[in-house]
Amino acid sequence: MGRQTRPRDYGVNQAVRRGIFSSIPVRTLLVAAVAYAGFTGPSMAADYLGPWDVLVSRDGATVYVLCRDAQAVLAVESNSNSVRARVNLPTVPGGFAFDPQGQTLFVACGEGQGSIQVVDLGSMRVVRQFPCGHSPTAIAVTPDGKRLFVANRFQNNILVVNAESGEILKAIGVIREPVGIAITPDGSQVVVSNHLPVAPADSYDVAGCVSLIDTTSLEVQHVRLPNGSTSIRGICVAPDGKHAYVVHLLSRYQMPTTQLERGWMNTNALSIIDLESKKWWTTVLLDEVDLGAANPWAVTCTPDGKFICVSHAGTHEISVIDREALHQKIASVPVDMEAARAAGRFENRHLYSSVIQADIPNDLAFLVDIRKRIRLQGRGPWGWLGADPTEANGPRGLSVAGNKVYVAVYFSDKLAVVDLDAPPVHQVKLIPLGPEPQMSIVRRGEMHFHDAWLCFQHWQSCASCHPDARTDALNWDLLNDGLGNPKNTRSMLFAHLTQPLMAAGVRPDVRAAVEAGFVHIQFAVRPPEEIDAVVAYIQSLQPVPSPHLVNGQLSPKAVRGRELFFSERVGCFKCHPEPLYTDSRLHNVGSRGQYDDRDEFTSPTLVECWRTAPYMHDGHYTDLESLFRQGKHGATHGAVESLSHEEIEALVAFLLSL
């Protein structure tokens, strides 16, 4: 999750080593190298700490901060608010967890091939390490300390690992991009948040899921969230083990993007899973009628179970929800219209914001009087109040000890401490974890990309539709090419090298697209320097190595698929030439759908296509195999219909390796 933290050789050089460009003349490679020089990666990791997650020791004396950019764990003394120790990690970390005794820290590391780093908290040293899967982002430890459950984001699975030996006991498939994980107090269930949905984007029900794993049988079942649920992130379990809470966006993707008021495009939500019945109970909105609470990131309960705390990465605040009052209010709402009439609620519906429980996920007033919004920096709801915009920007993970909530503040390199019992004026303390970060243009652009304070009423940020600058797996009816023709969200990767942009090619370049995005999607006019910074961030994006590579190389099947890709018989290369695997031109490939007003669409880059499903401009196909078998994609330029089952598998294997 988040940006690449150091420049990596995922460009031409690595492609040469993998043999992908083995048949290309040197001159072509040099041209490709010049093109790839347009992205040099964000500033070096040493420039920033990037606080990502927080854990507090059992006695509350030490706060451990996982720093993504610095690739380190910091130990902060809660009394003195000073950093007393640091553990350097070999690669970028994704998540961490204590052992039951609180003496050991298990840290999931790596973008690409991952590892578990075992940190002894007494000596603050890495004492063991063992391999795990691709891009581990979250980790949970069973109450007996014997097993680890590790979320491998891009392999779409949960590894069950022996905590002592590091032996991988089993890989459990989940839905798509598991990024959050928690375990019940009795150790009977593991709950997993899957970041993105898997569904045809042109359908009428697109939603992500929470996966529930029985820790004895290791069987898994999936609980579907409401239609429009995407960008699912943090998840936690209540202290009594009866409910799980997960935060996400609830996108109104079926509406044209003509306004933002009242959550017309994106709302921000907390969903509740009943762990006894293993069913979704309801979803409540974290926004208010005229003020969004964008990009909920992490969620936790206070140890006594009184409150649910949520960090909002887009609006730089936390929500503190009265948990008991929330459950009572939900239970008081009639289940259906018959019950509402019997209770006299329907006849007096003007008195209630939710008449029946089906109304709750659309009720922007449901949390009134049972939730507090606590800003982490000195800004009012409608603009600056003299504060530095980097004062407390980008809260991520959070943890609670006693009456204090500790929040990792990503862009500001700070730890926020929120005293739940203090009066508002003294409620928030910001602790610098290092020198004040000096913002490069790329870093500032990344900050703006994730900042919903730049948006009208703060409903969303660029990252709301482009999490991690990629895709939310939804179709949106943007107004840049007419009304009533929704199209799938595209990744920002290589956008500056694959112009013109948008499926219809209506934006000539990245700067025009970014500027139009602020005006027509966030309904705000931003100064030129902010536009320039966001463009610089987009130009800095780097591809993640594919989880389908074998030791960094194409598999034998993928090698065969590469031959087919570049053959005259199939001809994929005609529209998707190396090195970007697109010619950036408009083509009619017979993909016009029922809502389209044109036949030609721009060819997208195929780099990282393993993470950009669903496919085609309308997101009709959830996987590449169905794109070729059912969609006959490529039939207008080659003999894709003549491919055998084995040949299609090989072609797909190659594409998934890019």
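Modeller: Happy to! Let us start with serine 591, which sits in the loop between β34 (586-587) and β35 (601-602). Please keep in mind that this is a predicted model. Serine 591 counts as buried because its relative accessibility is 15%, and the cut-off for buried is under 20%. What is serine 591 in contact with, leaving aside its neighbours within four places in sequence? The partners are Asp596, Phe601, Met616, His617 and Asp618.

In soluble globular proteins, nonpolar side chains tend to be buried together. Here the largest nonpolar core has 52 residues, and Leu624 and Leu655 touch the most other members. Helices α6, α7 (510-520), α8, α9 (556-565), α10 (624-629) and α11 (645-655) each supply at least two residues of this core. The most comes from α11, which gives 7 residues. Looking at leucine 655 itself, and not counting residues up to four places away in sequence, you will find that it touches Phe565, Leu606, Cys609, Leu624 and Phe628. Another core, of 37 residues, lies apart from the largest one and includes Ala75, Val119, Ile374 and Leu420.

One more helix is worth a visit: α5 (residues 441-449), which is mostly covered, with 7 of its 9 residues buried. Those buried residues are Val442, Arg443, Gly445, Glu446, Met447, His448 and Phe449.

How values were computed
Residues numbered from 1 in each chain as written. Predicted model: local features only at pLDDT ≥ 70, side-chain atom pairs only at ≥ 80, totals over all residues. Heavy atoms only, no water. Buried < 20%, exposed > 50% of the residue type's maximum accessible area, 1.4 Å probe, protein only. Helix = DSSP H or I, 4+ residues; strand = E, 2+ residues; numbered from the N terminus. Contact = heavy atoms within 4.5 Å. Core = buried A, V, L, I, M, F, W, Y, C linked by side-chain atoms within 4.5 Å.
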